[in-house]
Amino acid sequence: MSFYLGIDIGTQSVKALCYDAETRQPAAVASASLEMISESDGTREQSAEWWIAAIGDCLSQIDKDIKLGVVAIGISGQQHGFVPLATDDSVLAPVKLWCDTATVAECEQITRNFGGAERCISEVGNAILPGYTAPKIRWLKNHRPREYQRLSTILLPHDYINFYLTGERVMECGDASGTGLLDIRSRDWHLGMLSAVDEDRDLAPCLPSLVEPDAAIGQLRPNVAEELGLPKGIPVSCGGGDNMMAAIGTGNVAPGRLTVSLGTSGTLFAFADQPIVDEEGILAAFCASTGGWLPLLCTMNCTVSTELTRDLFQVSIDDLDRRISAVPPGANGVMTLPFFNGERTPNLPNGKGCILGLDESNYLQDNLLRSAMESAVYGLRVGLEAFLSQGCDVQSVRLTGGGSRSACWRQMVADIFNLPVSIQQVDEGAALGAALQALWMHQTQLGRTESITELVEAHLKVDSTRACEPRAETVSAYIEYYQQYLHHVEAITPLYN
C-alpha cells in the first residue's frame, strides 16, 4: 500500500499523518509536544532543533510497515517564523514565531522607510505588522548584529524542515506572502520592501527561489530517511504555511467557502481567484499554496482565552460544553477581550486580556467560561465583515482546529456568523492538507491531470452529524452582543497603543 506523509509544525506540537489515498482515511497519526520561550517583552521563540526532535518522536510512534509504504511527503508549518541560516547551514538564533510581539519598533522603522502603511498595502498588499517575518529580520539586525552579519539564508519554519529533508533552500508563494516581503500580485519578491528592511544591505541573495505549488522540491536525503525509518529518495512537495495547508485540508480551494480554524490562534480565510487587498488592512493579502490567493484574518488569541479560563477554574474539557451550554448567549453581560498574547486583529501588540461588564450578580465561573469562548468568535466575526465588504461570496463555514471538537463552539460560530457550519469526517486540518498536497504533487509527477479542486472534493467528506444551522433567535441576540464587543475594543484601544 502507498501512503502520503503530512507533517505539521505547529506552535504547541508537531503532528505527523500518514494518509491512505485508497481508503481515504489516515493510516496513522502521531504527535509530539513543543515548548516555547516566552518573555514579558512579547518574545515568543522556539529552537529549530526542537522541531527536528519532535518529528523523530512522531515517526517513532508509527508502525514500521506504514513508514516504509510512504511514497511522498508534504510539510506544513506555522507561518511567519524566521529561521536565519549561516553559510555552514547552522541556525544563527532562536526562531521568532508568529505570535512574537517584540518587534513593534522594527515594524515602525520598516513602515517609515517604505513610505507609510498605505504605501505598503498599495504596493505589496500588506501592512508590516508584528508577527510577520520582515520585522523579525530587522530585529536580528538591531539586537543581534553579529549573527545578522553571518546571515546567509532566510527561511520560514516549513522551509527549514524542507531543507532538513532534502537539502534544498526554496519557498512557495503561499507561505512567502506572510513574510511581508512578497508582492502578492506579481508573486515575486519586492525589492523596495527588502531595502526598507535593511537600507545598507542587499537581502535579495538571502531569499530562496520560489517554486510552483504542485512541484517536487527534492528527494528525501538518505541519512534523514535512515533516521526517520522512511524510504530513501521519495519526493517532497513544496508544502506551505499551516493556514495554506489547512485550506487544502478543509477543501477551501475554490471560491464560496470560508474556513475558520479554532486553534491557539484563530484564523479565517477563503480562496479567491484574484488578489484581494484590503485597504483597511484587516484582511491579510496572502497567496494560496494551490495557485490563486487566500485572503486571511488572524487573531493571536483563540483557544488561549478558553484554556486559560478553564485551567483557572479547573474545569475538564469533557465538562466545558455542559457548563457553557447552561449560560445564555451574551454570558449574562460579561464581556472578555482576550488579548492575553497581545493581538494582531485588532493591531494591539501590547494589549492585555480584559473582562468587562462584571457585577455582583454575574461574577460567576460559567459566565466567564462562556464569555471567553464567545470573545474568540467575535474577533473572527470582524474578518467575516471584511470578506463581505470585499464582495466575497461566503455561503458556508468549514470549521477545523481543536475548538471545532466542541459542539457548543460549533453552534456558537453558526449563530454569531449566521452561516451554516460543517466539519469533516477526517478533520486533521493542516497535516491532512500537507498530505493531500503531496498526493497532488505525486499524481502530477505520474502525468495525471486531476486538479487540486477535483482531488479535495474526492477525498474530503462532511460529517453530517456535527453540522450546525444558525438559530434565528440567537442570531438576533448576537448582533447586539457583537456590537458591544466592538464598542469595548474601541474603548480600551487607547490604553494599549
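First, the ground rules. This is a predicted model, in which local features need pLDDT of at least 70, side-chain atom pairs count only at pLDDT 80 or more, and totals for chains, interfaces and linings use all residues. Residues are numbered from 1 along each chain as its sequence is written, and side-chain values use heavy atoms, with hydrogens and water left out.

Let me start inside. A nonpolar core here is a set of buried Ala, Val, Leu, Ile, Met, Phe, Trp, Tyr and Cys residues joined through side-chain atoms within 4.5 Å. Buried means under 20% relative accessible area, exposed means over 50%, and partly exposed is in between, with a 1.4 Å probe and protein chains only. The largest nonpolar core has 52 residues. Leu258, Val397, Val413, Phe417 and Tyr485 have the most contacts inside it.

Which elements give two or more residues to this core? They are strands S17 (257-262), S20 (335-338) and S22 (396-400), along with helices H13 (317-325), H14, H15 (407-417) and H18 (472-496). Helices (H or I, at least four residues) and strands (E, at least two) are DSSP runs, numbered from the N terminus. H14 gives the most to this core, with 11 residues.

There is a second, separate core of 46 residues. Among its members are Leu34, Ile52, Val70 and Ile234.

Back to Leu258. Contact means heavy atoms within 4.5 Å. Not counting residues up to four places away in sequence, Leu258 touches a set that includes Leu268, Phe269, Leu384, Phe387, Val397 and Phe417.

Now Ile62. Its place is in the loop between helix H1 (48-60) and helix H2 (64-68). Ile62 is buried, at 5% relative accessible area. Leaving aside neighbours within four places in sequence, Ile62 contacts Ala16, Cys18, Ala28, Ala30 and Lys67. Ile62 and Leu258 are 196 residues apart along the chain, and their C-alpha atoms are separated by 33 Å.

Next, helix H16, residues 429-445. The expected span of a helix is 1.5 Å times one less than its number of residues. For the 17 residues of H16 that gives 24 Å, and the end C-alpha atoms are 24 Å apart, which agrees. Is H16 enclosed or open? Of its 17 residues, 15 are buried, so H16 is largely enclosed by the rest of the structure. Gly447 follows H16, with a positive phi near 90°.

Some backbone features to look at. Ala331 and Asn332 are both in the loop between H13 and S20. Ala331 has a positive phi near 50°, and is a residue other than glycine. Asn332 has a positive phi of about 55°, and is not a glycine either. Ala331 is buried, at 0% relative accessibility. Asn332 is partly exposed, at 45%. Then there is a cis peptide bond, from Thr345 to Pro346, with omega near 5°. Pro346 sits in the loop between S20 and S21.

On to salt bridges. A salt bridge is a side-chain nitrogen of Lys or Arg within 4 Å of a carboxyl oxygen of Asp or Glu. How many does a search of the whole structure find? It finds 17.

Take Lys15 and Glu428. Their closest N and O atoms are 2.7 Å apart. Lys15 lies in strand S2 (residues 13-20) and Glu428 in the loop between strand S23 (421-422) and H16, so the pair ties together parts that are 413 residues apart in sequence. Lys15 is partly exposed, at 22%. Glu428 is also partly exposed, at 22%.

Arg322 and Asp319 form a salt bridge too, at 2.7 Å, N to O. Both lie in helix H13, 3 residues apart, about one turn of the helix. Arg322 is exposed, at 54%, and Asp319 is partly exposed, at 24%.

Last, the surface. Ile355, Leu358 and Tyr363 make a nonpolar patch of about 310 Å². Patches are made of residues with over 30% relative accessible area and no salt bridge, with like charges joined within 9 Å and nonpolar side chains (Val, Leu, Ile, Met, Phe, Trp, Tyr) within 5 Å. Areas come from the Shrake-Rupley method with a 1.4 Å probe; for residues, only the protein chains shown count as cover. Leu358 lies in the loop between strand S21 (353-356) and helix H14 (365-389). Leu358 is partly exposed, at 39%.
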